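Dear colleague,

Please find below the structure that I am handing over to you. My notes on it follow directly after.

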Amino acid sequence: MRPVDRFDVIIVGAGISGMYMLYRMRQLGLSTRVIEMASDVGGTWYWNRYPGARCDTDTMEYSYSFNEELQQEWEWPERYPTQPEILGYLNHVADRFELRPDISFNTRVEAAAFDEIDNQWRLSTDDGAELSARFLIMATGCISEPNIPAIAGMETFSGSMYHTARWPREGLELSGKRVAVIGTGSSAVQTIPVIARQAAHLTVFQRSAQWSVPAHNRPVDPEMVAEIKADYAGFRARNRLQPAGQLSHIPSNDVAAMSVGEEERARILEERWQLGGFPFFGAFNDVLTDAESNRAVADFVRVKIRNIVKDPRVADMLTPDYTINCKRPVLDSGYFETFNRSNVQLVDINATPIEAITPSGLRSSEADYELDVIVFATGFDAMTGALLKIDIRGRGGLSLREKWAAGPVNYLGLQVPGFPNLFTITGPGSPSVLTNMMVAIEQHVEWLSDCIEFMFEHDHARIEASEEAQDAWVAHVNEVVNRSLRLSCNSWYLGANIPGKPRVYMPLPGFPEYVEKCDEVAAMGYAGFVLS
Ligand code: FAD
Ligand code: NAP
């Protein structure tokens, strides 16, 4: 039998969260090991290599803020960095802070069980290793477990099939190929215009039309960069006070849509449409709470789609019929324009469902499509998928899969009663994917490092959220969500994209108040947790 490797802390995942958590644990002088199933660092930016993959968050905000030299020295070329640029940045961080020696790559955590006798988490991995640690930090990512729908006949396809998050590292030659993209979420909307330019023919299979706004990518403005870098810390601090932890320089407009006249409303929307990116969704303060305001903003985008797409029948198919900003906002660079190309066809799979994948392509209820490549841009089993793939057992053998059978429950989005010393970074019940993830990740990592430091300083062996704190927190999350229009559409926030997944709104709309609450809990000696 191989000996058990024992650590103070084990972190699962070497994306942005796991890398920073390792850095902080080292600063505390704790023995730490990161387990990562990929062959290198980067997480999201390691896996998602599809053509056109890039960030939606403005470049000066999607980077670590913990090291002043790093943020001063790093140069981003464009408003939204590309996947290779972000991966290059994360590799630089790994090199600069010599993170790799403490990371085991190509290793998947399969199971984790809490040993109540010596307060240790015992982990087993796919290479047969056994490890144990006092603290277990799940940095497994919210958008990391790909969703590949089960379609009859998949195994018979003679061409090649790829999920956007499992794109071949060596790239893919698409010129001259007949390609299908299934799905029209953020990944699809980024990749469709690029694939359309490369492939001989592209067929897009759409289940839900998409409210997409122009990204308006462009080279960064050197003057703006100089201004931000003159006080980068101040810029970050101001962003952390914003509702989504970003864009303090283009803040949300704190005005209700219906409180201004029609002309003024159109002017504001047009101004933000021209600005591009997430600021569009901050045009008014009640888009997600007032149905009439929501409709006014949606109508504005409907007209835009109709003006861009030449074929009125295709424009109709591309126009969503649900609450705008209810699914995750999507940004595009020429998405709707792509459907004016002669080599692109749109298929509404609600009207003509996909029946099977065949040896030569795909069959719908109405037609056969001859294909060389099928791209699944079908998203992820978000927020809980990667966690529940691991067999996690807490006190008394309690299984996390059973505990979360009706949907995730926890305290502060950080800890689940019954699972002492185990924490999730950007877990369900925290603002997480509703914010700039860099900000959400740094806030969680810093709170957790303080908590773990406190535990060691006070010689506490165990920390566990109480059931009462969990129940109150879950009620709080539901109450905030119920005040909004967020339940009015099928989104992955709700688990609606995964057949059989409980319909529970997972993230908490509530940044930056959430941060105050976390700080308050810590200041009160970790109120709501039992320390022993
Ligand atoms: P991840 O980057 O997902 O890393 C998790 C890591 O855990 C992965 O490397 C995975 O391999 C590993 N792992 C999981 N399970 C196991 C296991 N059992 N054993 C071992 N290793 C395991 N957010 C924004 O704020 N702005 C954006 O513009 C933005 N763009 C995005 C674009 C794409 C294409 C996607 C998919 C997401 C985007 N996001 C964006 C969200 C993005 O996921 C986060 O910003 C951030 O990268 C998450 O980092 P993380 O370290 O928490 O998780
Ligand atoms: P997604 O938003 O969940 O989109 C998946 C698409 O596939 C949707 O159109 C979905 O339709 C469709 N789909 C799912 N299952 C299907 C099935 N069985 N048959 C047919 N169609 C199906 O996934 P994503 O585009 O990969 O994006 C996920 C998240 O990652 C984003 O919301 C965002 O947070 C992040 N992301 C960010 C960026 C960026 O910032 N630049 C880029 C990519 C991804 P329905 O809508 O009907 O479910």
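Where is the place of Asn325? Asn325 sits in the loop between α10 (312-318) and β11 (330-332); helices (H or I, at least four residues) and strands (E, at least two) are DSSP runs, numbered from the N terminus. The phi angle of Asn325 is near 75°, a positive value in a residue other than glycine.

This is a predicted model, in which local features need pLDDT of at least 70 and side-chain atom pairs count only at pLDDT 80 or more, while totals for chains, interfaces and linings use all residues. Residues are numbered from 1 along each chain as its sequence is written, chains are lettered from A and ligands numbered from 1 in the order in which they are written, and side-chain values use heavy atoms, with hydrogens and water left out.

A further backbone feature concerns Phe511 and Pro512, which are joined by a cis peptide bond with omega of about 5°. Pro512 belongs to the loop between α15 (467-482) and α16.

Ligand 1

Around ligand 1 there are 32 residues, the closest being Ser17, Glu36, Asp56, Thr57 and Tyr62; a residue is counted if one of its heavy atoms lies within 4 Å of the molecule. By class, this shell divides into 16 nonpolar, 13 polar and 3 charged residues. Here Ala, Val, Leu, Ile, Met, Phe, Trp, Tyr, Cys and Pro count as nonpolar, Asp, Glu, Lys and Arg as charged, and the others, Gly among them, as polar. Helices α1 (16-27), α2 (44-47) and α14 each supply at least two residues of the shell, and the largest share, 3 residues, comes from α2.

An oxygen atom of ligand 1 is 2.7 Å from a polar backbone atom of Asp56. Nitrogen atoms of the ligand lie 2.9 Å from a backbone N or O atom of Val109 and 3.2 Å from a polar backbone atom of Met37. Taken alone, ligand 1 exposes 980 Å², of which the protein buries 95%; accessible areas come from the Shrake-Rupley method with a 1.4 Å probe.

Ligand 2

The shell around ligand 2 holds 24 residues, and Arg54, Ser187, Ser208, Lys327 and Trp492 come nearest. Its classes are 9 nonpolar, 10 polar and 5 charged. Helix α5 (residues 186-198) gives the most to this shell, with 3 residues.

A nitrogen atom of ligand 2 lies 2.6 Å from a backbone N or O atom of Arg54. On the oxygen side, the ligand has an atom 2.8 Å from an N or O atom in the side chain of Trp492 and one 3.4 Å from a backbone N or O atom of Gly185. Alone, ligand 2 exposes 900 Å², and the protein buries 87% of that.

Helix packing

The axes of α14 (residues 437-457) and α16 (residues 513-523) come within 11 Å and cross at roughly 5°. The two helices are therefore roughly parallel to each other, a term used for angles under 35 degrees. Gln443, His444 and Trp447 of α14 meet Tyr514, Val515, Cys518, Asp519, Val521 and Ala522 of α16, with contact meaning heavy atoms within 4.5 Å. The contact has 6 nonpolar, 2 polar and 1 charged residues.

With kind regards

Conventions
Axes are lines fitted to C-alpha atoms, for helices over the stretch in contact, and angles run from 0 to 180 degrees between N-to-C directions. Angles under 35 degrees count as roughly parallel, over 145 as roughly antiparallel, 65 to 115 as roughly perpendicular and the rest as oblique. A polar contact is a pair of N or O atoms within 3.5 Å; within protein, one must be able to donate a hydrogen and the other to accept it, and residues adjacent in sequence count only if both atoms are side-chain atoms.
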